[in-house]
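Hi,

Here is the structure I said I'd pass on. Have a look first, and then read on for what I found in it.

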Amino acid sequence: MVWLLTAMASGTLALFSTYWDDSLHTDVGRDTFWSAPHVLLYGSILVTLAALACWAWPRARREGIAGIMREPVLRWAAVSGAAVGVAAPADAVWHTAFGQDAVLWSPPHLLAVAATIALTVALLRAVVQEGGSSLALTAAGALVMGAALVPVLEYDTDVPQFPAVWYLPVTSAGTTLAVLLIRRFDPRPYAATRAALLVTVARLLTVAALAALGHSTPIVPPVLLVAVAADLVHLRRPSPWWSALTVPAAVHAAYVPLLPVMPHGTALSADQVAPSLLLAVAGSALVVLVTEGMPRAWHRGVQAAAVAAAVLAALPLLTATRALAHDPGQGTEAGRARWTAFVRENQVDVTLTTDDPTLRPTGLVARRAGEKVTGELTPDSDGTERGRIKLHADGRWFVYATFKDSRNRTAESWIAVQQGSGRNVAEARPVYLPPTQTYGPGRTAASVVLYGLTAAILVVVARSGRTRGIARPQET
């Protein structure tokens, strides 16, 4: 059990470092591979993989090659390790070949997320096989739920790359997957609630740690309320298909009123709630279909509905555009700029100076969730550039100043501001030459391959443990 406890501890550190890395990108910009969050993230994943392998190897070796091939924990540790091994260099190659692509839902990033989910499910299976304690089983389930919430990390930290209407559907799909997998391997009543309680505690600790480091913090998601509702309905309606309705409804009932009052929460506008709920039900139904299969009594019409749900669930990926709202700062440095931003309700007044007199200001641009607002930036007689820009939605915006250098190349610098916060910002930032985005058959082919690998891993993980007999804890 020591190896499994080691794996769970390192898995927890991996999830923490994911949010640490995100907050560092938001506050500082793009960093090197050897930054502290990256080292902790990949180091923790390697330790988790090694600990799982050390736990599973003796029992598999006793049965020879066939036993090694049959051991699901070893197989999934290998799949997760291979996926991470592909995703990390693929991300570096992607940036080199196709330019800046900071969105979490980019192909290399989603592959890494799928690998993390697979790894946590393998750990949960290992704890079940070991006959671990109730606390160990709950902790492993919490890792599954925590990993399933990573795809909405950018929404949870108020740096959305896509419209807010996709926030709660993806949250619902991830939570539905986690709830179904936790129940599959831990059929005790309120298993999902116990896991969600630990997720909430872990997120509170993450917020405290990041605040102590002086970084931006994520929200504490009300996933505990969602899990309680899902477990209560499950006690009376045990069919997994009820989760396709219960989880989306509970997610919207819990998140919609709380997001506007949460620091760094990405709130939905009133006109987005209804389509968000419909998309969430479609996405969760697709998750249940993949995870549990279709009841034989259902008609073929449901299959057509499932295909439609799959198309709806894939729309965020199909509509992916150039990522410029988060993780900015990638490019060759061309100078330094000192910013001061005065935030007043929906208006931001900025002044900045650069250390390169040849840089000519050309304008201001503010970006958030695929939206763009422009403003003017003009030089003053004292060499200071001044500008004003009006924002039209609450939340964090990235304000860019654009320039032309002596060779007429476009350069830019940026700061992050919180609209409506009334907090002024004074920071020094690099001025850099942004890389050129490359689109074409190569990028399309790479996207298809990496998204395909991601989907394949998630589908097989969702169906894992359905056909083989697995020793599970007794219901109490």
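Predicted model: local features only at pLDDT ≥ 70, side-chain atom pairs only at ≥ 80, totals over all residues.

Numbering runs from 1 along each chain as its sequence is written, and side-chain values use heavy atoms, with hydrogens and water left out.

Back to serine 464, which sits in the segment after helix H14 (441–463). Helices (H or I, at least four residues) and strands (E, at least two) are DSSP runs, numbered from the N terminus. Serine 464 counts as buried at 6% relative accessibility; buried means under 20% relative accessible area, exposed over 50%, and partly exposed in between (1.4 Å probe, protein chains only). Leaving aside residues up to four places away in sequence, serine 464 touches Trp76, Val121, Arg125, Arg184 and Phe185, where contact means heavy atoms within 4.5 Å.

Another serine to look at is serine 17, in helix H1 (residues 2–27). Serine 17 is buried, at 0% relative accessibility, and its side chain reaches the backbone nitrogen of leucine 41 at 3.4 Å. Not counting residues up to four places away in sequence, serine 17 touches Pro37, Leu40 and Leu41.

Now the chain as a whole. The protein chain has 14 helices and eight strands, and buried residues make up 53% of its 476 residues. Of the contacts with a separation of 6 or more, 73% are between residues 24 or more positions apart. The chain exposes about 20,500 Å², with carbon and sulfur atoms supplying 64% of it (Shrake-Rupley method, 1.4 Å probe; for residues, only the protein chains shown count as cover).

There's a helix pair to check too. The axes of H11 (residues 243–258) and H12 (residues 270–292) come within 8 Å and cross at roughly 145 degrees. Axes here are lines fitted to C-alpha atoms, for helices over the stretch in contact, and angles run from 0 to 180 degrees between N-to-C directions. On the H11 side, the contact is made by Ala244, Leu245, Pro248, Ala249, His252 and Val256; H12 brings in residues including Val273, Ser276, Leu277 and Val288. The residues of this contact divide into eleven nonpolar, three polar and no charged (Ala, Val, Leu, Ile, Met, Phe, Trp, Tyr, Cys and Pro count as nonpolar, Asp, Glu, Lys and Arg as charged, and the others, Gly among them, as polar).

Aspartate 158, in the loop between H7 (153–156) and H8 (167–185), has a positive phi of about 60 degrees although it is not a glycine; aspartate 158 is buried, with a relative accessible area of 1%. Tyrosine 190, in the loop between H8 and H9 (191–212), has a positive phi near 65 degrees and is partly exposed at 32%.

Last one: glutamate 345, in the loop between strands S1 (332–344) and S2 (347–354), is exposed at 61% relative accessibility. Its C-alpha atom is separated by 9.6 Å from that of glutamine 418, 73 residues apart along the chain.

Cheers

Technical notes
Polar contact = N/O pair within 3.5 Å; in protein donor to acceptor, adjacent residues only side chain to side chain.
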